[in-house]
Amino acid sequence: MDGLLYPISLLVVGLMAFTFYRGNSIRLMLFALAVGAYIIYSHETGHTATEYKNEVVDSISESATKFTKDRGIEGYDETKKVAK
């Protein structure tokens with residue numbers, strides 16, 4: 001995040017958490033604090049949820065490819081479909 005966007009977003013999250021706390025909505029306050037923690041974490045480390053998701057999808061894809069090669073499965077073949 002560039003410029004003032006980072007501190008302003010933290011200020012907004014902090015105000016929302018305070019408002020939720022004053023309204024006796026502890027769950028929403030905790031959720032707002034978790035969003036703030038995620039913003040700080042992603043800003044400081046550069047790791048995002050999208051990056052993590054892409055790593056998980058790639059890992060599953062590699063595992064599935066290895067599984068099919070180990071088992072000798074070459075995928076779906078329409079010509080081998082049995083007609084009833």
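## Nonpolar surface patch

In this predicted model, L4, I8, V12 and M16 make a nonpolar surface patch of about 380 Å²; patches comprise residues with over 30% relative accessible area and no salt bridge, nonpolar side chains being joined within 5 Å, and areas come from the Shrake-Rupley method with a 1.4 Å probe. A salt bridge here is a side-chain nitrogen of Lys or Arg within 4 Å of a carboxyl oxygen of Asp or Glu. M16 belongs to helix 1 (residues 5-22), helices being DSSP runs of H or I with at least four residues, and M16 counts as partly exposed because its relative accessibility is 40%, between the limits for buried (under 20%) and exposed (over 50%).

## Two buried serines

S9, also in helix 1, is buried with a relative accessible area of 16%, and its side chain reaches the backbone oxygen of Y6 at 2.8 Å, a polar contact being a pair of N or O atoms within 3.5 Å.

In helix 2 (residues 26-45) lies S42, which counts as buried at 17% relative accessibility and whose side chain reaches the backbone oxygen of I39 at 3.2 Å. Apart from neighbours within four places in sequence, S42 is in contact (heavy atoms within 4.5 Å) with H47 and T48.

## Helix 3 and its end

Helix 3, residues 49-71, contains 23 residues and spans 33 Å from first to last C-alpha, close to the 33 Å expected at 1.5 Å a residue. After helix 3 comes G72, with a positive phi near 80°.

## Basis of the values

Residues are numbered from 1 along each chain as its sequence is written. Local features need pLDDT of at least 70 and side-chain atom pairs pLDDT 80 or more, while totals for chains, interfaces and linings use all residues, and side-chain values use heavy atoms, leaving out hydrogens and water.

Note on methods:
The expected span of a helix is 1.5 Å times one less than its number of residues. Patches are made of residues with over 30% relative accessible area and no salt bridge: like charges are joined within 9 Å, nonpolar side chains (Val, Leu, Ile, Met, Phe, Trp, Tyr) within 5 Å. Buried means under 20% relative accessible area, exposed over 50%, partly exposed in between (1.4 Å probe, protein chains only). A polar contact is a pair of N or O atoms within 3.5 Å; within protein, one must be able to donate a hydrogen and the other to accept it, and residues adjacent in sequence count only if both atoms are side-chain atoms.
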